[in-house]
Amino acid sequence: MAKKTETSKIKVTLVKSTIAILPQHKKVVAALGLKKINSFRIHDENPCILGMIDKVRYLVKVEKI
């Protein structure tokens with residue numbers, strides 16, 4: 001059996017509005033699962049998610065869980 005490794009989790013919260021931002025950044029926010037201000041999602045910390053967060057870092061707040 002393959003051993004399951006523990007991945008750390010991060011909480012991503014939308015803190016600014018997506019009005020008047022680049023269309024690509026709106027798509028990234030939607031792909032992270034964020035819709036309204038103060039909505040949050042918990043994701044595994046992996047390079048894909050971290051790259052998406054880096055793209056829209058001025059719109060979100062990130063906390064380690």
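Helices (H or I, at least four residues) and strands (E, at least two) are DSSP runs, numbered from the N terminus. The model on your screen is predicted, so local features need pLDDT of at least 70, side-chain atom pairs count only at pLDDT 80 or more, and totals for chains, interfaces and linings use all residues. Residues are numbered from 1 along each chain as its sequence is written, and side-chain values use heavy atoms, with hydrogens and water left out.

**Stop 1: lysine 16**

Select lysine 16. This residue sits in the loop between E1 and helix H1 (23–31). Is lysine 16 buried, partly exposed or exposed? Its relative accessibility is 44%, so lysine 16 counts as partly exposed. (Buried means under 20% relative accessible area, exposed over 50%, partly exposed in between, with a 1.4 Å probe and protein chains only.)

Next, pick asparagine 38. The C-alpha atoms of lysine 16 and asparagine 38 are separated by 8.3 Å, though the two are 22 residues apart along the chain.

**Stop 2: salt bridges**

How many salt bridges does the structure hold? There are four. A salt bridge is a side-chain nitrogen of Lys or Arg within 4 Å of a carboxyl oxygen of Asp or Glu.

Select lysine 9 and aspartate 44. Their side chains meet in a salt bridge at 2.7 Å, N to O. The pair links distant parts of the chain: lysine 9 is in strand E1 (residues 9–14), aspartate 44 is in strand E2, and they are 35 residues apart. Lysine 9 is partly exposed at 36%. Aspartate 44 is partly exposed too, at 33%.

Move on to lysine 64 and glutamate 45. Their salt bridge spans 3.0 Å, N to O. Lysine 64 lies in strand E3 (residues 60–64) and glutamate 45 in the loop between E2 and helix H2 (47–55), so the pair ties together parts 19 residues apart in sequence. Lysine 64 is exposed, at 63%. Glutamate 45 is partly exposed, at 25%.

Then select lysine 61 and glutamate 63. Their side chains meet in a salt bridge at 3.5 Å, N to O.

**Stop 3: a nonpolar patch**

Show the surface and select Phe40, Ile42 and Ile65. They make a nonpolar surface patch of about 320 Å². Within it, isoleucine 42 belongs to strand E2 (residues 40–44). At 47% relative accessibility, isoleucine 42 counts as partly exposed.

Patches are made of residues with over 30% relative accessible area and no salt bridge; like charges are joined within 9 Å, nonpolar side chains (Val, Leu, Ile, Met, Phe, Trp, Tyr) within 5 Å. Accessible areas come from the Shrake-Rupley method with a 1.4 Å probe; for residues, only the protein chains shown count as cover.
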